[in-house]
Amino acid sequence: MFVEENMPKVAVIMGSQSDWPTMQETTNIFDDLNIDYEVHIVSAHRTPERMISFAQNARENGFGIIIAGAGGAAHLPGMVAAATTLPVIGVPIQSKALNGMDSLLSIVQMPSGVPVATVAIGTAGAKNAAYLAAQILGVTDSHIAQAITDFRKQQADAVIESEAHLND
Ligand SMILES: Nc1c(C(=O)O)ncn1[C@@H]1O[C@H](COP(=O)(O)O)[C@@H](O)[C@H]1O
């Protein structure tokens with residue numbers, strides 16, 4: 001695995017272990033793109049001191065971006081964003097009761113001055129959180145930028161390929 005010297009890690013955090021099947025979609029992409037990350041369970045509600053300590057120390061612990069997944073009353077991404085100036089990407093987990101609309105609205109409507117870059121509900125959002133983080137890292141890391149360019153090409157080729165089969 002190639003990791004550029006001093007490249008910041010991405011923190012992938014989630015409110016509960018039950019969010020892992022969704023957030024694993026994020027880390028699978030980091031594995032494919034050779035991006036360094038750590039996974040932690042941190043909850044604004046259940047482990048508030050741990051959340052504040054995690055967010056306040058994230059930069060000195062080598063993180064450059066935080067991806068936070070949470071469901072229901074999804075306060076984690078916004079509260080982490082309040083306690084750090086690192087960019088925070090919020091992933092609304094698809095909750096059972098309200099299908100993730102609760103998660104989405106809890107994450108997306110931040111007051112001005114404390115942004116959370118909010119992606120779509122569920123696994124599509126978890127994947128896009130990884131691509132967005134990679135694109136941000138790619139601003140200063142040419143290897144990651146190239147990996148994204150290669151991925152986009154494969155994606156486009158797959159679309160063309162899928163069309164070809166329609167006419168078999
Ligand atoms: N939204 C939050 C926060 C938080 O925002 O701090 N902590 C846990 N949770 C969410 O509660 C849901 C149910 O959790 P359990 O399955 O553990 O009961 C999860 O989707 C989690 O993200």
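## Around the ligand

A residue is called near a molecule or strand if its C-beta atom, placed from the backbone, lies within 6 Å of it. The ligand is surrounded by 17 residues, and the closest are Gly15, Ser16, Ser18, Ala44 and Gly71. By class, this shell has seven nonpolar, eight polar and two charged residues. Here Ala, Val, Leu, Ile, Met, Phe, Trp, Tyr, Cys and Pro count as nonpolar, Asp, Glu, Lys and Arg as charged, and the others, Gly among them, as polar.

Residues are numbered from 1 along each chain as its sequence is written. This is a predicted model, in which local features need pLDDT of at least 70 and side-chain atom pairs count only at pLDDT 80 or more, while totals for chains, interfaces and linings use all residues.

## The overall fold

The protein chain has six helices and five strands, where helices (H or I, at least four residues) and strands (E, at least two) are DSSP runs, numbered from the N terminus.

Along its principal axes, the C-alpha trace of the protein chain spans about 55 × 45 × 30 Å. Of the 168 residues, 37% count as buried, meaning that 20 or more other C-beta atoms lie within 10 Å of the residue's own; a residue is exposed if there are 12 or fewer, and partly exposed in between, with C-beta atoms placed from the backbone.

The axes of helix α1 (residues 20–33) and helix α5 (residues 123–137) come within 7 Å and cross at roughly 35°. These axes are lines fitted to C-alpha atoms, for helices over the stretch in contact, and angles run from 0 to 180 degrees between N-to-C directions.

Which residues of α1 meet α5? They are Thr22, Met23, Glu25, Thr26, Ile29, Phe30 and Leu33, and their partners in α5 are Thr123, Ala126, Lys127, Ala129, Ala130, Tyr131 and Ala134. Two residues are in contact if their C-beta atoms, placed from the backbone, lie within 7 Å.

In α4, Ser103, Leu104, Ser106 and Ile107 are buried. Their cover includes β3 (63–70), α3 (76–82), β4 (88–92) and β5.

Ser112 sits in the loop between α4 (101–108) and β5 (117–118). Ser112 counts as exposed because it has 5 C-beta neighbours inside 10 Å. Ser112 and Asp141 are 29 residues apart in sequence and 29 Å apart in space, C-alpha to C-alpha.
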